[in-house]
Amino acid sequence: MTTFSDFCIVGGGIVGFATALTLQERHPDARILLLEKEEMPGRHQTGHNSGVIHAGIYYEPGSLKARLCREGLVATKDFCRAHGIPYDECGKLIVATDGVEHERINTLYDRAFANGLQLERLDGAELARSEPNIRGVAALYSRETAIVDYGLVCRKMAEQVVQGGAVVRFGLQVDRIEESAHYVEVGGGGELFRAGQLIVCGGLQADRLARLAGLDVDFRIVPFRGEYFQLPQSKNAVVNHLIYPAPDPALPFLGIHLTRMIDGSVTVGPNAVIGFAREGYPKLSFSRRDCADFLGFSGFWKLIYRYRHHALQELVTSLSKRVYLRKCRKYCPSLSVEDLLPFRAGIRAQVVTDEGLAVHDFLFKQTERMLHVCNAPSPAATSALPIGRIIAERCQAI
């Protein structure tokens, strides 16, 4: 028997469940179905990030990313307070260790001010008083930045969605999407579902699900593996805030940083290396299919050539714990190689175009009855609730 819903969502990460919540608020009588191939919510990017509630420092003033991050900061904290989820407004310091980096954080300060943030400037002496174990000539302090367990947030969203009357099916992998004039038919696990509107929040599988639906896909998801270490419990007090390096504007990633976690631990990372499996988190994970996807894609090679020097440095960092440590000790000299203990990796779904450009903005593919979220860029976890609102608004226009 084929079941019918008004809205079917494919993907049970934080963006998928935030979308379901918003749809329930806007359409309280709608029949909502959410399909997730894993056995629990937030199994991939949602559950493998650094847990930071970002303030929106880095993004182009007036951009959608900047606006959604600011809205998401407030919405995430409000959601946590409403549902008893612990978060810690520990704040973040962006540290400059030399003159070049000092100029970079001055530029960041201007950008943040244009985005409505009230950052504080710290000179070297003020930084030393605030963070005795951190070395730098200056820093920017973001008081609003916080930490949370996004896996817990996502599970609470899932609970709220089910309580609101939605049907959530875990362990069901979609293998068919076919749009007709009156509905979209979705197949998986030998079952068929029909929906008036389909929303796909596919994350690491976004390009494959778009192709499955017959859409023209001129990009690939290239998995970038972020490798972390955890400090020993004796070093949990090594920092009082989140410690980030001054980012190089020529590079697509922020660099290795020290992150306080909501459980009291401290992690170091991530680097950014090519992942050989989209959903393989252990060190030597390999998927022939995933590798074939990006190795046979010309845009991947153009991207690697553009960032070839940085890519080589990141590979060396991955292979050598001592090189990784050297990057950490640039601003936290008290760390030793023995302090770098194993910790889980994360995998970022990086959209890369045919031209070899890494897409850092939102990318939607929309038809009469489908909306595919092909890219929900970092910080998607922070921005999940306002992203869900935008998706719901777009669905109303279908």
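Entry 1: I began with the accessible surface of the protein, which comes to about 17,200 Å². Carbon and sulfur atoms hold 52% of that area. I note that the model is a predicted one. I then looked up the charged side chains and found 46 positive and 44 negative. The centres of the two sets lie 4 Å apart.

**Entry 2: overall dimensions.** I checked the C-alpha trace, which spans about 70 × 45 × 40 Å along its principal axes. The radius of gyration is 21 Å, and I record agreement with a compact globule, because a globule of 398 residues would have a value near 21 Å. Of the 398 residues, 55% count as buried.

**Entry 3: fold content.** I listed 11 helices and 22 strands. Among contacts with a separation of 6 or more, 74% join residues 24 or more positions apart.

**Entry 4: nonpolar cores.** Which residues touch the most other members of the largest nonpolar core? I found Ile 9, Ile 14, Phe 17, Val 153, Met 157, Ile 199 and Ile 391, within a set of 42 residues. The elements that each supply at least two residues of this core include β1 (3–10), α1 (14–26), α5 (150–163) and α11 (384–396). I also noted another core, apart from this one, with 29 residues, including Leu 35, Val 200, Leu 204 and Val 217.

**Entry 5: Ile 9.** I set aside neighbours within four places in sequence and looked up the contacts of Ile 9. Among them are Gly 16, Thr 19, Ala 20 and Leu 23, together with Ile 32, Leu 33, Leu 34 and Leu 35. Ile 199 and Cys 201 are also in contact with Ile 9.

Methods
Residues numbered from 1 in each chain as written. Predicted model: local features only at pLDDT ≥ 70, side-chain atom pairs only at ≥ 80, totals over all residues. Heavy atoms only, no water. Helix = DSSP H or I, 4+ residues; strand = E, 2+ residues; numbered from the N terminus. Rg over C-alpha atoms; globule rule 2.2 N^0.38 Å. Buried < 20%, exposed > 50% of the residue type's maximum accessible area, 1.4 Å probe, protein only. Contact = heavy atoms within 4.5 Å. Areas by Shrake-Rupley, 256 points an atom, 1.4 Å probe, with all protein chains shown as cover. Lys, Arg positive; Asp, Glu negative; His and termini not counted. Charge placed at Lys NZ, Arg CZ, Asp CG, Glu CD. Core = buried A, V, L, I, M, F, W, Y, C linked by side-chain atoms within 4.5 Å.
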